[in-house]
Amino acid sequence: MSVLESLSPTRIPAEDEALRAEVRAFLAETVRELPPHVRARSWGGYSAELSRSLGAKGWIGVTLPREYGGGGHSAFARYVLVEEYLSAGAPVGSHWIADRQSGPLILKYGTEAQKRFYLPRICRGEAFFCIGMSEPNAGSDLASVKTRAVPNEKGFLLNGQKIWTTNAHHCQYMIALVRVSGEASDRHKGLSQVIVDLSLPGVTVRPITDLSGDAHFCEVFFEDVQLAPDALIGQEGQGWEQVTAELAFERSGPERLFSSLVLFDEWLAWVRTPQGRSESALCLAGRVFTELAPLRAMSVAVQEKLTRGESPIIEAALVKELGTTLEQLIPAAIADDLFGRGSPDSPGSADVPLELLRTLNYTIEVAPSFSLRGGTRDILRGMIARGLGLR
């Protein structure tokens with residue numbers, strides 16, 4: 001059976017779909033004062049206060065067992081929550097990584113003590129995690145990481161550097177892919193994952209300002225950071241298996257489809273007015289909808305695999321590659337529509353709302369990152385080709 005044949009049309013169960021109305025009403029009240037160009041940041045945004053509010057309502061860690069403070073629901077419940085967060089443009093980046101992948105990773109591979117300590121804090125919106133995978137010379141080629149955690153009498157001594165660690169300056173913890181034994185040339189051998197308390201001596205976090213002026217990306221330096229023995233997640237040397245399973249959570253969700261959705265909704269609202277309506281704009285709206293609908297269906301089908309405990313790595317890569325292609329199309333096509341209607345001095349151009357232009361400007365600036373974060377396009381296409389038997 002090929003990768004495409006393994007995905008079956010799936011409907012979100014009624015009990016999970018029932019969450020949607022309450023979440024939508026809560027977010028309408030919570031984020032209504034935020035302008036669209038701010039809401040366009042959504043899962044890249046940051047609000048510890050909102051995260052705590054969502055945790056208090058039981059909307060973080062909904063897939064984690066109740067005994068660890070979670071909701072005990074299926075992956076579909078979280079899918080509904082994520083769709084509503086992104087559609088509303090809620091700034092949920094503070095707890096995003098912990099909820100999406102760090103919590104499930106600890107649940108699957110962590111010790112009982114790790115589960116008891118970290119998972120309830122994640123569910124309450126109190127413990128925020130960042131991802132320590134990429135390095136300056138090991139971006140998508142994660143197997144060549146050089147950051148080392150050398151075993152010693154106190155646990156592990158950590159030295160190295162990580163980059164593109166989103167919101168690291170706001171997080172308490174990082175789950176880092178490190179080399180415990182061997183050299184970078186050994187590839188998958190000798191890799192492990194460790195939990196790093198970012199307040200430890202020897203940890204330095206430096207935000208990186210991006211094209212839009214935001215500083216959520218960070219580089220993190222480790223200089224003789226002493227980790228306790230219980231920092232290790234899973235078995236020593238099991239890091240590659242763990243990180244590939246983790247990436248299935250990262251690559252398959254609505255965030256790989258909806259990053260441009262706030263912009264699209266703002267543009268669509270204007271297109272529905274007499275000033276904004278045009279035949280070409282209606283055709284563009286139809287194109288986006290006809291691409292988005294099957295991509296969402298694929299994403300939901302991947303969630304169904306995750307609920308069965310499978311690790312749909314290739315399927316998730318396919319959703320991510322096609323989804324980010326659409327996410328990048330939306331701002332480029334909207335820019336063509338808006339600025340192709342006439343000269344800046346023409347009467348029609350003055351009718352474009354300023355906030356729509358501000359939202360477009362932000363999304364255009366950040367869009368190149370869509371096909372970089374979570375795995376670059378070339379790497380993903382190679383994985384997909386192998387999964388389809390083309391190489």
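This talk covers how helices α9 to α12 pack in a predicted model, and the cavity in the structure.

Residues are numbered from 1 along each chain as its sequence is written. Because the model is predicted, local features need pLDDT of at least 70 and side-chain atom pairs count only at pLDDT 80 or more, while totals for chains, interfaces and linings use all residues; side-chain values use heavy atoms, with hydrogens and water left out.

I start with α10 and α11. Helices here are DSSP runs (H or I, at least four residues), numbered from the N terminus. Helix α10 spans residues 279-307 and α11 spans residues 313-339. They pack at about 160 degrees with axes 10 Å apart; axes are lines fitted to C-alpha atoms over the stretch in contact, and angles run from 0 to 180 degrees between N-to-C directions. The two are therefore roughly antiparallel, the word for angles over 145 degrees. The crossing is left-handed, meaning that the near helix is turned anticlockwise from the far one by less than a right angle.

Contact means heavy atoms within 4.5 Å. On the α10 side the contact residues include Leu284, Arg287, Val288, Glu291 and Leu292, and on the α11 side they include Leu322, Gly323, Leu326 and Ile330. The residues of this contact divide into 16 nonpolar, 3 polar and 5 charged. For the classes, Ala, Val, Leu, Ile, Met, Phe, Trp, Tyr, Cys and Pro are nonpolar, Asp, Glu, Lys and Arg are charged, and the others, Gly among them, are polar.

Next, α9, residues 261-271. Against α10 it packs at about 145 degrees, with axes 11 Å apart, again in a left-handed crossing. Phe264, Trp267, Leu268 and Val271 of α9 touch α10 at residues including Ala281, Leu284 and Phe289.

Val262, Leu263, Glu266, Trp267 and Trp270 meet Leu356, Thr359, Leu360 and Thr363. The classes are 6 nonpolar, 2 polar and 1 charged.

Last, the cavity: a set of points on a 1 Å grid over the protein atoms alone, where a 1.4 Å probe fits but cannot get out. Which residues line the largest cavity? They are Leu257, Phe258, Ser260, Leu261, Leu292 and Ile330, lining residues having an atom within 4 Å of a point.

Notes: On a 1 Å grid over the protein atoms alone, a cavity is a set of points where a 1.4 Å probe fits but cannot get out, and a pocket is an open set with protein on both sides within 12 Å along at least five of seven lines; lining residues have an atom within 4 Å of a point. Grid points are joined across faces, edges and corners, and a volume is the space filled by probe spheres set on the points. Angles under 35 degrees count as roughly parallel, over 145 as roughly antiparallel, 65 to 115 as roughly perpendicular and the rest as oblique.
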